[in-house]
Amino acid sequence: MVYKRMLAACMAAALLLGAGCGQQEVQEEAPTGTAVEVMSVKPGPMEAEYAVTGKVTAVNEVQVFPLLAGQVLTLSVSEGDKVAAGQVLFTVDTSTVTSTLGALQQSYNSTKAATDGTIASAQIGVEQAQLALDNTKALFAIGAAAEQDVTRAEQALEQAKMGLQQAQAQQSASLAQIQASMDQITTQAALGTVKAPCAGTVTAVNVVRGGMASSAQPGVVIAENGKIEVMASVAEDVYANLNEGDNAGVLISVWSDEQMDGKIGALPAAANAQTSLYDIPVTLPSDATPAIGSFATVTFYTARRDAALSVPTEAILTGSGDERYVFVIDEASGNTVVRTPVKTGLVSKSDTEIVSGLAEGDRVVVKGQSYLTDGSLVRIVGGENTDETAETADGIAETAEAADGEG
């Protein structure tokens, strides 16, 4: 029995020792090197992108100034309202203008009454002179009056007629002067009613009911016909690569989470005098209705390559003297990298064009490159050859499990 127990103990120790050796062998076979992800360089279309912040504005913004300063009595619109041409926007108090209108009307009436009396008297004088002339001619016909008497009667009639004409002219002049003053006041009073000069959308209201309206500031601003666009400013180097009609990406986050396709409008002939930047208009799709004043991210595409070699921008590292370089898998060894200087070109949102330094098919490290040096040992765990790496890892796991089972 003692012999059997000793034999069992020896066998158990041998099994444990074998298991331990198996685990040690698995650990020794575990992969070494820095874990990296790679990608093969391939030619493809690429566009350089330049993103700036813009703002939604009206294509044609009409500023409505009150032509008569005064207190705002009524206000019938607010920002965002749709208005029609001729619609009343607000009214201004005209009492200071019309305060003399009543006195002028009274003066007009009294002047007319007085001159009407003068004209009536002159008319009677003409009638009497005409009657005297008729009687004198009758007497002259029967020899009872001389020719000189007829002449004097005719002269008296002409004088009476001239007196009537003068009375009528004086009345007309006096009344016209008063009427002109009344018309002027009426015209000024009409300016107190401010109307929309065009149809569109109200984008700003700078007056309040009970406040004061000034002819120096627009009371209301209207986007004519509701047409809008995005205005973005760019530097000269970007402006030089833009053309009217080119596509531009527009993202207005407060209106939609999706970027829409816009079109570059007519380019300005000169830079903005205040900012030294070029203000670029971008038209929006007809179904886009963001609020005027909303901020937008505008992406301009300044150049295009149909078959450019490119890599993710994050794969490119910067050395001394602004040297650009990447790490490329050494195909001879398969598990080491070569530090490779590159010359870059276009830059898009995520990728950078490689003008020289790489060839089609080169496998570039896109993750883990910051931990490498020239000749570093690597193991590919992502990107290309991921399946092969997974199979190797599965084999290692199976070996370890087998060893544990034997133990």
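Modeller: A helix crossing is called left-handed if the near helix is turned anticlockwise from the far one by less than a right angle, and right-handed if clockwise. This is a predicted model: local features need pLDDT of at least 70, side-chain atom pairs count only at pLDDT 80 or more, and totals for chains, interfaces and linings use all residues. Residues are numbered from 1 along each chain as its sequence is written, and side-chain values use heavy atoms, leaving out hydrogens and water.

Biologist: Which handedness does the crossing of H3 and H4 have?

Modeller: Helix H3 (residues 101-141) and helix H4 (residues 147-190) have axes that come within 8 Å and cross at roughly 170°. H3 and H4 are therefore roughly antiparallel (over 145 degrees). Their crossing is left-handed.

Biologist: Which residue in S9 stands opposite Gly70?

Modeller: An open antiparallel sheet runs in the order S7-S6-S4-S9. S7 (193-195) and S9 (212-213) stand at its edges, each with a single partner strand, so one side of each lacks a neighbour in the sheet. Strand S4 (residues 70-75) and S9 pair (at least two DSSP bridges) over two bridges. Opposite Gly70 stands Ala213.

Terms used
Helices (H or I, at least four residues) and strands (E, at least two) are DSSP runs, numbered from the N terminus. Axes are lines fitted to C-alpha atoms, for helices over the stretch in contact, and angles run from 0 to 180 degrees between N-to-C directions. Angles under 35 degrees count as roughly parallel, over 145 as roughly antiparallel, 65 to 115 as roughly perpendicular and the rest as oblique.
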